[in-house]
Amino acid sequence: MLEGPAEPVPPDLAGAAARRGARLRRGRRVLRRFAWGLLAVLVVALVVWVALESPWSARPVPAPPPMDW
């Protein structure tokens, strides 16, 4: 392998690699923004649910019906 002639390198190899890297970086940025947006929506939904429902307070126990003897 080292003794033979070197393989020719495509002339646009650096440009193609740079375009592919930019595309991958752009895709990761979009995915990261989507994930942060989804997290923000979930946090807002949780805060609204907690504010409306008060899940930490105990529910009142219903009284049994009166017994007529």
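A search of the whole structure, which is a predicted model, finds 1 salt bridge. The partners are Asp12 and Arg19, whose closest N and O atoms lie 2.9 Å apart.

Let me turn to helix α1, which covers residues 13-53. Ala14 belongs to this helix. With a relative accessibility of 62%, Ala14 counts as exposed, because the threshold for that class is over 50%. How far is Ala14 from Gly4 in space? The C-alpha atoms of the two residues are 24 Å apart, for a separation of 10 residues in sequence.

I come next to the charged surface. A patch of positive charge is formed there by Arg20, Arg23, Arg25, Arg26, Arg28, Arg29, Arg32 and Arg33.

Which residues make it? Leu31, Phe34, Leu38 and Leu42 do so, and the area of the patch is about 440 Å². Phe34 is located in helix α1. Is Phe34 buried or exposed? Phe34 is exposed, because its relative accessible area of 57% is over the 50% cut-off.

To summarise, the model has 1 salt bridge, a positive patch of arginines on the surface, and a nonpolar surface patch that includes Phe34.

Definitions and conventions: Residues are numbered from 1 along each chain as its sequence is written. This is a predicted model: local features need pLDDT of at least 70, side-chain atom pairs count only at pLDDT 80 or more; totals for chains, interfaces and linings use all residues. Side-chain values use heavy atoms; hydrogens and water are left out. Patches are made of residues with over 30% relative accessible area and no salt bridge: like charges are joined within 9 Å, nonpolar side chains (Val, Leu, Ile, Met, Phe, Trp, Tyr) within 5 Å. Accessible areas come from the Shrake-Rupley method with a 1.4 Å probe; for residues, only the protein chains shown count as cover. A salt bridge is a side-chain nitrogen of Lys or Arg within 4 Å of a carboxyl oxygen of Asp or Glu. Lys and Arg count as positive and Asp and Glu as negative; His and the chain ends are not counted. The place of a charge is taken as NZ of Lys, CZ of Arg, CG of Asp or CD of Glu. Helices (H or I, at least four residues) and strands (E, at least two) are DSSP runs, numbered from the N terminus. Buried means under 20% relative accessible area, exposed over 50%, partly exposed in between (1.4 Å probe, protein chains only).
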